[in-house]
Amino acid sequence: MRRQSRRHPVGRRFAQYGLLLGLLVVGSFALPRLAPGDPLTYLVGGNEAAAFSSEERERALAQYGLDAPLHEQFLDYVGGVVSGDLGTSVRYGATVSDVLLDRLPWTLLLVGLAGVLAAALALGAALAGARRRGAGAGDTDLLAGILLLSSTPPFFLGMLILAIVSAELGLLPAYGATASGGETPFVGVLERLAMPLVTLTVTMTGVVYLIARSALLSELTQGYVRFARAKGVSEQRILRRHVLRNALLPIVTIFMVSLGDVLGGAVVVETVFAYPGLGTAIYEGVLARDYPLLQGALLLVAVVVVAANAIADGLYTLIDPRVRRADGVPR
Amino acid sequence: MPGRALFSTEGQESGWRRPAAAALAALLFWLIGPAAAAHAQADGERTLRIAIPKDYANLSVYTAGASDADPFVGLIYDTLFSTPYVETPRLLLALSAEQTSRQRTWIVKLRDGVTWHDGAPFTAKDVVFTFELYRDGPPNRWTHHASQTPNMRSVVALDDRTVQITCAQPCPTLADITLADLPILPEHVWSKVKDPATYDGSAVGTGPYRVLRRVPGERYELAANDRYFAGRPVADKLILSIIPEPSSAFLALRSGQVDAVSSPIPPQLVESFDAHREVDVVKATPFSDAELVFNMGRAPFDSAPLRRAVMLAIDKDALLETVLLGRGISGSEGWPHPRSPWTGDNPTMPHDPAEARRLIAQAKLEGAEFEILVPQQDPVVSRATELVVADLRAVGLKPSIRAMDQPSISELTMKGEFDAYVWGATAHALADPTQLIQSFNAASYMGTYENEEVKQLLAAAQRVPTATEFRSLLSRTHALISADPPMVPFFYPEQRYGIRPASFDGWKGSPGLGVVHKYSLIAGPGSAATAATSQSSDGGSSLPIVLIAGVLAVLAAWFMRRRWATRTRG
């Protein structure tokens, strides 16, 4: 078996991902139930829920299958995951799949664009910094500025942008994702995306920038850089063609790993800008102890993060030939 | 390669390059420019934009949630009588309601000619179906007002316009409270719904507004119900925008992107809104409070003297001044809400730390330690509790605070695993006497209140045949509760709501409902309510968009011409 698995590194990796997904299914079921409280408080209010008779409590929870023993609920959940039926949301009264499908595109748009912009900004800044290492305006000032912005809590930064751009200057709408009339949908979406996008991009940029700068500076001390300089290759070409390629591995890793954090940050940003993404649904699901919604959303987020890591694994083999050789993938 | 051909330098293709640049510029203007122009225009119809704090699912009675959804559910659905929190509720779907000589039976005559939003006629069958569903179906926030307090033993349609309701015990407040609280559902829609809790179809009611469109997590678009029987809807369209963060909602109000915010203005922001030229502040009594509730089922608060000592130790007037800047009613005026039409002449809950110390010493409870659970998401309540802890320490007690989210507090309170907790009660708890009876009857922590006299009075209140007798018993109960308190109110806020009068100046504060509710949004005979054409837009200024569109178009044309020129020269 071991010899076989060595021959099929991709299959081994898929097995690892399969095991991980199994654990995530268990985790997504258990986590919401570990928190105190149950959905009744949301359904009827705390005081009214306390006034329910035990028979009424059972009847209320039975509507969502939450009166069954835990192992039965778990088997139902696993069966639902396999068949694509994630149950019914207590908070929204709709199927969990519908709620997630309504919300996911907005979060993917926000997080995806923020990721691309943050990566581009971070790489550009890191290249500029690496070229002028130690120089005030080109490197240290840039480093201080990016660190300052990125360490600003997203809630505070979001409120600041909202207060200035929307409330004071009246340039952009303060809430929502789409226009309710008058505008073409395209413009409505862009206008409402701008402020959350800037907020999330700024909070994402710092980490990628730090790793990128460090990786670039480390590569600049390598012998091949000295050799290229001795050959008379321009500094710009050395950075873009040689140093950047060799520094990409840690940058891709940190970018993909930080996606989980970004999704967490999106909860705050979506709340500030009333952006109807997955983050606000999860937040409201937590307040309502909406077990079906929470387990579906947690599983979805986990799958997105695992998928991002799988993509990163795939990118390694493209970026670095040494990884290709180690994995036994033919060049 | 086809891609190259586009930028070919061959002379015969150069004739369409200029049109291509023009087309690109036109495309950009089409995408951005005209939209910006439309964006700058007023809607041309009477549209009101209102910020609401959360998504209330499909606004139906089974999925919208607890009583905080009442004002919005009420835009869609009607009750037989209007709001239960006023002295004499108005007739709404009912024409009359009379208690028969048998005292347990009511005959309710219904309004003729009312139709549901889908055009079907409203009949007695709908009323029968609704009350039976609340009583026997999946429990929701209204269930115990059909199954327990009061217990509707039978609901019968005598004809299309007449319903007979018989309670298990005399129910003198049925019309004034119960029938003013329970929204009526269309039988022809809900009888086909297998599982009401998971019904996510469109909400169909008889109310002044019907659901036009729901964008999950983002907004509801409601259209006026032109056939509404109780007044003309003041707006052609209502847009209820979901803005969960209050600061964001108030920024949107300041900048004119919404016309009203359904949540009250935080006390510290009231002055800045008072000074705002385009925003008015409307007062309303929400019948809410912040109160400390004791667990009487275990030590130390199974001791009545200690509970009274805590009540005396808390300086409720100072709390009102410090936390609410004096805007509201002090908890020293007793419990429940002093302005509720169902509250008698409350004995006060005074501040007397010396007497508190004496009671504590007498009960030998000096230095008693206990924990107060506080909802972490409510800064007003948290601040009030910090001051209360200081008051309690001053009389020799040792309280501590534990901040938790509301569901966690509810879990502990339902299990009885707490000493005391603070919460903000709503109108349903503070101004609806049937809910008070319900709470004291419950098998939960409130059921552990060992005051036989109160229990007997509440039991008697469920048997008396007239509202006058009911009110008298209730008043005596309030007096006993103030002397031997199971809870201590800190204050009753007088809420202020932010609205933009240029868009609409007819907002009315309604007890228990705030300002965003159907009674604000319909113009009855003689009403002064007027709706101006909406001057708000849900977007910002169009100028930057127009500028960006122009700059992009010029740049695109310049770039393409330059590129073609370069290639032509090459």
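Predicted model: local features only at pLDDT ≥ 70, side-chain atom pairs only at ≥ 80, totals over all residues.
I'll start with the chains. Chain A is built from 16 helices and zero strands. Chain A runs to 331 residues, of which 42% count as buried. If you take its contacts with a separation of 6 or more, 70% are between residues 24 or more positions apart.

Chain B has 20 helices and 19 strands. Buried residues are 54% of its 570 residues. For chain B, the share of contacts with a separation of 6 or more that come from residues 24 or more positions apart is 74%.

Now the sheet in chain B. What is the strand order? It is an open sheet of six strands, ordered β13-β17-β12-β16-β14-β15, and the pairing is mixed. The edge strands are β13, residues 328-330, and β15, residues 398-404; each of them pairs on one side only. From one strand to the next, the twist averages 20°.

One pairing in some detail. Strand β12(B) is joined by four bridges to β17(B), residues 487-493, and the two run antiparallel. Within that pairing, Leu292(B) has Val488(B) as its bridge partner in β17(B).

Two helices to mention here. Helix α12 of chain B, residues 316-323, packs on the sheet and touches β13 and β17; its direction makes about 35° with that of β17(B). Helix α15 of chain B, residues 406-415, also packs on the sheet, where it touches β14, β15 and β16. The angle between the directions of α15(B) and β14(B) is about 135°.

Next, a helix elsewhere in chain B. Helix α5, residues 124-136, has 13 residues. From first C-alpha to last, α5(B) reaches 18 Å, close to the 18 Å expected at 1.5 Å a residue. Which of its residues are buried? The list includes Ala124(B), Asp126(B) and Arg135(B), along with Phe129(B), Phe131(B), Leu133(B) and Tyr134(B). And what do the buried residues of α5(B) pack against? They pack against β3, α6, β4, β5 and α8 of chain B.

That brings me to the backbone. Most residues other than glycine have a negative phi, and most peptide bonds are trans. Chain B has some exceptions to go through.

Cis peptide bonds to begin with. Thr149(B) and Pro150(B) are joined by a cis peptide bond with omega of about 5°. Pro150(B) sits in the loop between α6, residues 144-147, and β4, residues 152-159. Pro300(B) is in the loop that runs between β12, residues 290-294, and α11, residues 304-313.

Then positive phi. Ala57(B) is not a glycine, yet its phi is positive at about 50°. The loop that holds Ala57(B) lies between β1, residues 47-52, and α4, residues 70-76. Leu59(B) lies in the loop between β1 and α4 of chain B as well, and it too has a positive phi, about 60°, without being a glycine.

Are these two buried or exposed? Ala57(B) is buried because it has 23 other C-beta atoms within 10 Å, and the cut-off is 20 or more. Leu59(B) has 25 within that distance, so it is buried as well.

Terms used
Residues numbered from 1 in each chain as written. Chains lettered and ligands numbered in written order. Buried ≥ 20, exposed ≤ 12 C-beta atoms within 10 Å, placed from the backbone. Contact = placed C-beta atoms within 7 Å. Pairing = 2+ DSSP bridges. Axes fitted to C-alpha atoms, helices over the stretch in contact; angles between N-to-C directions. Expected span 1.5 Å × (residues − 1).
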